2 protein chains.
Amino acid sequence: MKTARGTRDVYGEDAIVRQQIVKTLREVFELYGYNPLETPSLEMYETLASKYAGGEEILKEVFKLRDQGNRELALRYDLTVPLARFVAANPNLKMPYKRYAIGSVFRDGPLKLGRYREFTQCDADVVGSASMASDAEMISIALDAFERLGPDVKVKVNNRKILDAILENAGVEKGKAEAAILSIDKLEKFGKEAVEKELAAKGINAAAIKKLMQSISVKGSNKEKIEKLKKIADSSSVEEIESVLKFAASKKVEFDIALARGLAYYTGTVFEVFLKNSEIKSSVAAGGRYDKMIGQFAQNKREYPTVGISFGLDVIADAMKSAKKEAGSSVTKAYIIAIGQEKKAAEIVAKLRSQNINTDADYSGKVGKAIEYADSSGIPFAVFVGKKEVAAGKIKVRDMKSGKEKMVKISAVKDYFKNG
Amino acid sequence: MKTARGTRDVYGEDAIVRQQIVKTLREVFELYGYNPLETPSLEMYETLASKYAGGEEILKEVFKLRDQGNRELALRYDLTVPLARFVAANPNLKMPYKRYAIGSVFRDGPLKLGRYREFTQCDADVVGSASMASDAEMISIALDAFERLGPDVKVKVNNRKILDAILENAGVEKGKAEAAILSIDKLEKFGKEAVEKELAAKGINAAAIKKLMQSISVKGSNKEKIEKLKKIADSSSVEEIESVLKFAASKKVEFDIALARGLAYYTGTVFEVFLKNSEIKSSVAAGGRYDKMIGQFAQNKREYPTVGISFGLDVIADAMKSAKKEAGSSVTKAYIIAIGQEKKAAEIVAKLRSQNINTDADYSGKVGKAIEYADSSGIPFAVFVGKKEVAAGKIKVRDMKSGKEKMVKISAVKDYFKNG
């Protein structure tokens, strides 16, 4: 009896740390005024297959199924298309609509290391706001979230309009711009030479490639890059990135003219969040502005300027190895071992739980086995409730890591665990 | 663009209250020493179709699909079979294994009021414990959870072995016991007469029905019922229920000899949690002991005595109407409206967020529209940051419900929202 291919069970410290990450992201999203939205995992196939959605590439990876009424259904492959469907179906929604969603998404794609067919996305989006303050808010959310989570990050930010202007300025034909962007997107991963080769293979001439590579390789501070760009790109796109960088002022934010992001539906700001000092090179969160997509879903063809961010729970969890070590493999803090004194032990258990201290207990009387259980389960403290101890109004607490034991007054036991 | 049949979007106060319920259940589960386990929504079809799993009835409602490798998959219809698969696949798991799981399950069944094809279960189970203290722990978890959630509840508890003994004692043939239990299960819903009719239709003779109905209609306190039963059922089954009632001593727990619970896999304790003073008559949580099922999944055919509880998130959310009213439709507590003073406003926003106060802001300068937004979004406080106010080191806070306004010192604003 195995898990389905490309899926897995998550338990022990992995599950505990995932919960912590989800809790933190939820808190940060709400701190910024985003409200929860739960859409189903199951959608009508036609919704996901809409030409305004993720495109051909992603449709190949959709899990399709039928209900008993023979309706064509599918498992969602992201949380963005369901958001678009929801907004389109609720025309009276107050704008800007700020929502977050945390849930499983499904892609029946080829399996690579660290990629799963069922994985969790954590998204926040502002629908109905064209203000660059919203784009900057996404970056602030990312910085705030990772500040709380621990790992040090840098944010790379760009604007699709700048890329478009650079491509035009370099002399790349309009029909080849999309293909060129997909190649540029690989610069960080595969290097300059490989990208130049790919661009040439796509039929872009040598002069255009040279000019293009020069433009996207502009060096300097964010400010210096912007000054240089003003000579190439039109002022409105440069103003947008200037505005985002002003609102999201942080040393951790870098304007990267080569950043493209794969998805075709982005229309303005794009950004990716990377770990500093980590062997994990893929982004841990990313997003951008997509002003056209949601409006295409709506019957009234109204425009819904939208910007969003998506956190990859699995990759963030992978990055948080030290947190896992700290979390241990059990949520339980105290393991109460009754040595004959079941009633007193049960009282202490109830007392600790009433103080919100995670507590488990053993009443079997098999003390050695109970200690072994606490140890192998990763529970940090064992508490012995025996006749001698109870007579003295005390219990014996053993720190399972150090093996050190301490007598603690029963009346003070709740404070003992609260403080340490 | 509609949601798939039998599914729905959850947003506004509904989504906020669901989050609160999930958070509370998670806290209570962890308080009792249960660790998180995440199993996939997708399982191999053969796992769910195993003869030890939910049975024919439930298999009819399974959503089936295939991956690109043409493997037969299915969406899980509960969280119990995946637990059994997980335990069987991990023979080195330390027993007792206490886990909780919160997630979507899927049933392609007929649609009735309040029933969905995708819904959320919140389960806690102890695997590998035969102790009645574990059965009682399930009841304590239910009482503790509803104490925190608000709604007043009663718990009905019984033991399958007692039902078996009563059936035998009444002279119901062994081959008809299972069918008789399914009829008895309908007593609360359809009344005595209907059940008697159904039993007769199942070929049980009048004398047996009479004796059976007498036994399950025994009245009195829990203690009185137990005394009466000792004359009918064998002592071990009565001892089990006595033990559970001793560990889970509460006025809210009622021994109900007619309680059966539909599922065939229960082997001992069964219980259901009902709301007091509510129009909702179906149970809000339920569970029981199923000692045989998990062992059947394991290759080593080892026994895994197990007891569990499942909370129905949807029905609990329905019951928490007053909580919804209190929660309102937004998580945001303060809506900062900049009247020209963008920089000062942004500072106040950052300050409030750093104090973990959910804050949103408007920098558009369109004050009337911003007030209307705060009002219709259900945000309780609007905060005006204008020139005159800032010059005086103050801001103006409006209580959106009462309309009352108050000048608050900027230096004290975080305490203002913390305290009320």
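**Notebook: chains A and B**

I began with the contact between the chains: 75 residues of chain A and 75 residues of chain B take part, where contact means heavy atoms within 4.5 Å. I noted that this is a predicted model, in which local features need pLDDT of at least 70, side-chain atom pairs count only at pLDDT 80 or more, and totals for chains, interfaces and linings use all residues. Residues are numbered from 1 along each chain as its sequence is written, chains are lettered from A and ligands numbered from 1 in the order in which they are written, and side-chain values use heavy atoms, with hydrogens and water left out.

**Interface**

I looked up the area next. Chain A and chain B bury about 6200 Å² between them, and carbon and sulfur atoms give 53% of that. Buried area here is the accessible area (1.4 Å probe) that two parts lose on being put together, summed over both. Which three residues of chain A supply more of its buried area than any other three? I found Met1(A), Leu31(A) and Glu38(A), with 12% of what chain A buries against chain B.

Then I turned to charge. I counted 12 salt bridges across the interface of chain A and chain B. The rule asks for a side-chain nitrogen of Lys or Arg within 4 Å of a carboxyl oxygen of Asp or Glu. Over all chains, the count comes to 66 salt bridges.

I looked at two pairs. Asp9(A) forms a salt bridge with Arg85(B), and their closest N and O atoms are 2.7 Å apart. Asp9(A) sits in the segment before H1 of chain A and Arg85(B) in helix H4 (residues 80–89) of chain B, so this pair joins two chains. Glu137(A) forms a salt bridge with Arg353(B), with 3.8 Å between the closest N and O atoms.

I also looked up polar contacts: 36 residue pairs make them across the interface of chain A and chain B, both residues at pLDDT 80 or more. A polar contact is a pair of N or O atoms within 3.5 Å; within protein, one must be able to donate a hydrogen and the other to accept it, and residues adjacent in sequence count only if both atoms are side-chain atoms.

Where does the largest share of the side of chain A that touches chain B come from? I traced it to helix H1 (residues 12–31) of chain A, which gives eight residues. Helices (H or I, at least four residues) and strands (E, at least two) are DSSP runs, numbered from the N terminus.

**Domains and sheet of chain A**

Chain A is divided into domain 1 (12–322) and domain 2 (334–419); the bounds come from an automatic or database domain assignment. I read 49 Å between the two domain centres, taken over C-alpha atoms.

I followed an open sheet of eight strands in chain A, in the order S1-S5-S6-S11-S10-S9-S7-S8, with mixed pairing. Strand S1 (35–36) and strand S8 (253–255) stand at the edges, each with a single partner strand, so one side of each has no neighbour in the sheet. Two strands pair if DSSP finds at least two bridges between them. S1(A) pairs with strand S5 (residues 97–106) of chain A in the parallel sense over two bridges. I found Arg99(A) in S5(A) as the bridge partner of Asn35(A).

**Backbone notes**

Most residues other than glycine have a negative phi, and most peptide bonds are trans. I noted some exceptions.

- Met95(A) and Pro96(A) are joined by a cis peptide bond, omega about -5 degrees; Pro96(A) is in the loop between helix H4 (80–89) and S5 of chain A.
- Asn70(B) has a positive phi, near 65 degrees, and lies in the loop between strand S3 (64–66) and strand S4 (72–75) of chain B.
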